[in-house]
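Dear colleague,

I am passing on the structure we spoke about, together with some notes on what turned up in it. Please look through it before you read on.

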Amino acid sequence: MIKKIDDLSVYPFTDEQIKLLNSFTNKLTSNQCTWLSGFFCGLSQKKIILKKTGEEKKSLINKKNNNHITIISASQTGNARSLSEKLERKCLHYNIPVKLFNAHEYKFKKINSEKILILIISTHGEGEPPEIALPMYHFLTSKKITYLKNLQYCIFGLGDSSYEHFCQAGKTFDKIFFDAGAKPLLERIDADVNYEEISNQWCTNLIQIIQKKFFFETSNQTLDKCTSNNQQNQLNHSIWSKVNPYLSTLLTNQKITGRYSNKDVRHLELHIKDSEIQYNPGDSVGIWYENDDSLINEILEILKIKKNEIVNIKNIQKTIFHALKFDYELTTNSSVIFKKYSFLSKDPHLINMNNDIKFLQSYIKNMPLVHMFRQFPTCLSAQNLIELLHPLKPRFYSISSSQLENNEEIHITVNVVHNICSGKKYLGGASGYLSKTIPDVSKIKIFIEKNNNFKLPINNNIPIIMIGSGTGIAPFRSFIQERDNRNALGKNWLFFGNQQSSEDFLYQQEWQLYHKQGLLNNIDLAWSQDFDHKIYIQEKMLEKSEELWKWIYNDEAYIYVCGNATNMAKDVELALIKIICQYNGTNTEQSNDFLNMLRTSKRYQRDIY
């Protein structure tokens with residue numbers, strides 16, 4: 001029998017392994033122990049050989065390839081990040097050295113030393129890069145960037161062809177890299193909403209190019225297996241996700257704008273008890289909506305299509321009514337749809353309109369899809385119609401509640417979009433659906449979209465400045481609820497703007513109570529329609545510029561901006577630049593650098609749309 005191991009300090013085992021060895025060896029005969037001694041001796045030699053072989057192989061790879069592959073993810077809603085992670089897994093599977101960065105984490109000043117760079121980027125606002133890619137964009141478009149002749153790059157752009165500036169951010173970075181002398185590894189991809197198939201092929205092609213150029217070896221069979229495994233891993237993590245949403249009950253649907261407001265803004269409360277859904281302030285909720293029956297019937301009537309006609313969608317047979325109800329966008333027009341429809345209709349006037357780009361852009365912006373059909377009617381087959389349309393995609397809303405205060409609920413703040421054409425009112429797809437949803441009756445398909453780029457500071461003592469207009473106040477309601485429940489000591493300052501003080505002060509009583517209690521230290525309000533002279537948020541900021549600068553510079557406050565990207569966000573940024581120039585004694589370029597420093601350190605965060 002083997003002697004029991006008592007002195008743990010002299011053996012290369014953990015306490016748990018010692019116990020296991022004692023319980024096992026106490027039951028062995030001397031012959032069995034002798035056999036095991038030879039077995040373990042052979043096993044140890046095998047492991048030494050395998051380790052040596054592995055190290056030699058790794059050394060050979062490093063000799064053949066001095067570079068690592070850098071992947072940069074620039075995501076607004078998480079799609080770019082998911083694709084970047086999928087590509088990273090493939091690279092690791094083939095022993096390709098790889099480093100994955102979120103755009104805001106990447107040390108962009110070291111880009112001159114990069115050899116191989118993959119950028120996966122979405123487009124935001126009016127063709128702009130997403131928020132987390134702005135520091136890198138500003139650096140690359142400044143005079144500080146040098147010639148990138150040693151860089152090989154590849155860009156995968158994510159976008160939505162229903163928007164005018166489709167995948168513009170990817171195109172912009174492609175031009176920047178190319179003009180700086182970098183060489184493309186692969187032609188840029190401009191991917192539409194349903195990008196899964198094209199992204200799989202792109203990953204495969206990219207891996208093969210990297211293998212060929214940099215001496216990494218594998219088989220096509222292994223590549224297919226890896227692709228399959230990655231897809232399976234994604235499915236295994238799909239609980240309450242975009243592809244598997246949670247069915248939530250609507251608890252409250254309350255109009256929170258006044259009777260005479262120009263807006264219809266709703267406060268909605270969604271029940272998530274027993275769902276195990278977790279969210280944080282700054283996150284968004286994705287909502288899969290359904291198109292309105294009356295709108296579907298109107299379109300089918302105009303185009304002379306029967307509602308029970310069968311269409312084929314990816315080899316699945318459905319009625320056209322069902323397809324329009326659940327699978328396709330019906331409220332968003334686009335230049336792509338217009339062009340397709342003009343040639344299907346063979347209307348010479350419509351075809352000629354394609355040549356006047358400015359007029360076409362204005363027409364698309366102001367003309368609901370159904371009204372275009374009514375204005376220029378034609379006969380289409382059911383299959384023609386669905387091939388004309390964009391796939392339906394979820395709408396995202398900033399969460400306006402803290403889970404510390406509302407453990408079993410998610411609150412959202414929805415502006416009901418409407419457009420009036422020829423005296424008829426047309427509602428937005430998602431907002432119209434939500435505005436008509438009846439509490440305690442209907443189920444709404446939801447999932448959480450994490451936003452790690454719009455988060456409260458971990459330190460509860462740090463002051464925060466919240467700047468928002470309209471429904472941009474939503475995440476700040478979640479912020480203040482969170483700070484209240486954390487017993488945070490940091491100061492809080494709200495700048496809020498809307499049209500009329502009497503009609504459009506969203507969550508007025510709550511904000512006034514927070515201010516009275518002292519949790520909200522400062523509140524500055526701007527109303528654009530209360531006086532002859534329109535007052536906007538940026539004017540209020542400039543009025544309080546000295547105190548604002550003290551919060552930013554002395555107190556190291558975090559700045560948050562939420563609202564319209566086209567006007568409000570740009571005007572607020574210009575006001576911040578002006579304040580920095582005035583109190584920091586710097587010129588515009590230096591003040592931009594200061595603001596970018598705040599952005600990089602996460603002290604300046606924006607959630608704009």
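Which residues of E3 are buried on one side, and which on the other? Ile-116, Ile-118, Ile-120 and Ser-122 lie on one side and Leu-117, Leu-119 and Ile-121 on the other, and all of them are buried, where buried means under 20% relative accessible area, exposed over 50% and partly exposed in between, with a 1.4 Å probe and protein chains only.

Before the rest, a word on the basis: this is a predicted model, in which local features need pLDDT of at least 70 and side-chain atom pairs count only at pLDDT 80 or more, while totals for chains, interfaces and linings use all residues. Residues are numbered from 1 along each chain as its sequence is written, and side-chain values use heavy atoms, with hydrogens and water left out.

To stay with strand E3 (residues 116–122), seven of its seven residues are buried, so the strand is largely enclosed by the rest of the structure; helices (H or I, at least four residues) and strands (E, at least two) are DSSP runs, numbered from the N terminus. E3 pairs in the parallel sense with strand E1 (residues 69–74) over six bridges, a pairing being called if DSSP finds at least two bridges between two strands, and Ile-72 stands opposite Leu-119 there. Strand E4 (residues 152–158) also runs parallel to E3, joined to it by seven bridges, with Ser-122 opposite Leu-158.

Helix H8 (residues 293–302) has as its buried residues Leu-295, Ile-296, Glu-298, Ile-299, Leu-300 and Ile-302. These pack against helices H9 (320–326), H13 (369–375) and H14 (382–388) and against strand E15 (424–427), and just after H8 the residue Lys-304 takes a positive phi of about 60 degrees.

The UniProt annotation "binding site", from an unreviewed entry, covers several positions, among them Lys-534 and Ile-537; UniProt positions are given in the numbering used here, feature names are shortened, and annotations may be inferred rather than shown by experiment. Lys-534 lies in the loop between strand E19 (522–527) and helix H18 (537–543) and is partly exposed, with a relative accessible area of 46%. Leaving aside neighbours within four places in sequence, Lys-534 is in contact (heavy atoms within 4.5 Å) with Ser-528 and Glu-539. Ile-537, by contrast, has its place in helix H18 and counts as buried at 5% relative accessibility; its contacts beyond four places in sequence include Phe-495, Phe-496, Met-568 and Val-572.

As for the aromatic residues, the structure holds 25 aromatic pairs, a pair being rings of Phe, Tyr and Trp (its six-membered ring) whose centres lie within 6.5 Å, with planes under 30 degrees apart counted as stacked, over 60 as edge-to-face and the rest as tilted. One of them, Phe-396 with Phe-447, is edge-to-face, at 5.8 Å centre to centre and 90 degrees between the planes. Phe-396 lies in strand E12 (residues 395–398) and Phe-447 in strand E16 (residues 443–449), so the pair ties together parts that are 51 residues apart in sequence. Phe-396 is partly exposed, with a relative accessible area of 32%, whereas Phe-447 is buried at 2%. Elsewhere, ring pairs link Phe-454, Phe-476, Phe-479, Tyr-558 and Tyr-560 into a cluster.

With kind regards
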